[in-house]
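Subject: Structure handover

Hi,

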Amino acid sequence: MPEVHVRPLLAVAVVLAACTQAPPATPIGENPGSPPSAQPPADRSPTPANTRGVVIAETVAGGLVNPWAIEFLPDGRALVTERPGRLRVLSSTGQLSAPVTGVPAVFAQGQGGLLDVAVDPQFSQNQLVYLSFAESGEGGAGTAVVRARFTGTALVDVQVIFRQTPKLNGGGHYGSRLVFDRHGFLYVTLGDRMNWRDRAQDLSMGQGKIMRITSTGSAPSDNPFVAVANAQAIWSYGHRNVQSAALHPETGQLWTVEHGARGGDELNRPERGKNYGWPVITYGVDYSGARIGEGTTKAGLEQPVYYWDPVIAPSGMAFYTASAIPGWRGSVLIGSLSPGALVRLELTNGRVTRETRYLGELGERIRDVTVGPDGFVYLVTDSGNGRVLRVMPAAG
């Protein structure tokens, strides 16, 4: 769902439904030559209450303007983006640098601006970083990705390696997370641009897709649609607005969470060439209460692993592989913009077996989540006086 103006909407418009969960999803056997059957409905979040006393959050740095992403460098420093168009360096002792020079001009309107940052897997050798941002141009704006060499205070050799096409009017649903896979390919998540949702089903257009590109922007030869005009970079489609993405530490598979409308946030494992349904199927309704699409399931369209209704307005995601927070190893951590929390999912065999929420008492919009070199969890809060928070076990 669009993450701006979510809080008042939920307060007046979202009615909590029963918190029962659907039966476990199991593979469906198909008769040879028969049309595909619709998959069983996905499991629904039970909307757990906020849990206190397990972890605390301390401020590492403040005074940021709508920080959007945080990514650690190999030496323990971190890069932090601010949506108006600034990239900052956070030292290992909590000092913020002056804005890094060389950042491209961004379309900082609505949900647009400077978005995600990713560090090249070979950063220690090449010093390359990647930024996603809303870029203006003919027809409006769209998500773009640049690659640049980071000197410590500046970006040099800046090159746009990807552009979402076509550019469109409107300020919503740019995505965008950047995730490298184990082969060095880069996943780029793209929103449907809000008012153009039907284009999520159109392979000739870049809205509502997850792209998979090389570090220079070309399409890998094993992408599913390399023979389809304008679709060579597409990995999966039928997405609404993916603002959470991370690679599973054991399987190497991409996992994502995307915004639904009024209800219907989705946890997915986007697979090669598959269609995730938006806006044909969804577990949400429009903000007016009107139905969207054809229902919640349809043959040939993928079901999410798990969904939220009411929503969490997801942004940022990490798998916890450290040991500094007892009992969290192997969990999925997701930021919530509304109601505002750190959401933890426990997985067994690719299924969500438990959901717990923390830090709701802060009243903060959690925009991004990552795990630091010290094993603690780091968050950025989306506000005009945004902070970097360090999440640690509560004392005692």
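Below is what turned up, from overall build to local backbone features.

This is a predicted model: local features need pLDDT of at least 70, side-chain atom pairs count only at pLDDT 80 or more, and totals for chains, interfaces and linings use all residues. Numbering starts from 1 along each chain as its sequence is written, and side-chain values use heavy atoms, with hydrogens and water left out.

Overall build

The protein has two helices and 25 strands. Both kinds of element are DSSP runs numbered from the N terminus: helices are H or I with at least four residues, strands are E with at least two. The radius of gyration is 20 Å, close to the 21 Å from the globule rule for 396 residues, so the protein is as compact as a globular protein of that length. That radius is taken over C-alpha atoms, and the rule is 2.2 Å times the number of residues to the power 0.38. The C-alpha trace spans about 60 × 55 × 40 Å along the principal axes.

Of the 396 residues, 55% are buried. Buried means under 20% relative accessible area, exposed over 50%, and partly exposed in between (1.4 Å probe, protein chains only). Take contacts between residues at least 6 apart in sequence: 58% join residues at least 24 apart. A contact here means heavy atoms within 4.5 Å. The accessible surface is about 15400 Å², and 50% of that belongs to carbon and sulfur atoms. Areas come from the Shrake-Rupley method with a 1.4 Å probe; for residues, only the protein chains shown count as cover.

Pocket and cavity

Both were found on a 1 Å grid over the protein atoms alone. A cavity is a set of points where a 1.4 Å probe fits but cannot get out; a pocket is an open set with protein on both sides within 12 Å along at least five of seven lines. Lining residues have an atom within 4 Å of a point. Points are joined across faces, edges and corners, and a volume is the space filled by probe spheres set on them.

The largest pocket holds about 790 Å³. Its lining counts 32 residues, with E71, V179, F180, L247 and T370 nearest the centre. Elements that give two or more residues to this lining include β4 (67-72), β11 (178-180), β15 (242-247) and β23 (366-371). By class, the pocket lining has 21 nonpolar, five polar and six charged residues. Nonpolar covers Ala, Val, Leu, Ile, Met, Phe, Trp, Tyr, Cys and Pro; charged covers Asp, Glu, Lys and Arg; the others, Gly among them, are polar.

The whole structure has one cavity of 30 Å³ or more. The largest cavity holds about 50 Å³. Its lining includes R240, E258, H259, W278 and T282. The classes there are three nonpolar, four polar and three charged.

Backbone points to check

Two cis peptide bonds sit here:
- T165 to P166 is cis, with omega about -10 degrees. P166 lies in the loop between β10 (155-163) and β11.
- G175 to S176 is also cis, with omega near 10 degrees. S176 lies in the loop between β10 and β11.

Which residues other than glycine have positive phi?
- Q127 has phi near 55 degrees. Q127 is in the loop between α2 and β8 (128-137), and is partly exposed at 27% relative accessibility.
- M194 has phi of about 70 degrees. M194 is in the loop between β12 (186-189) and β13 (209-213), and is partly exposed at 31%.

Best wishes
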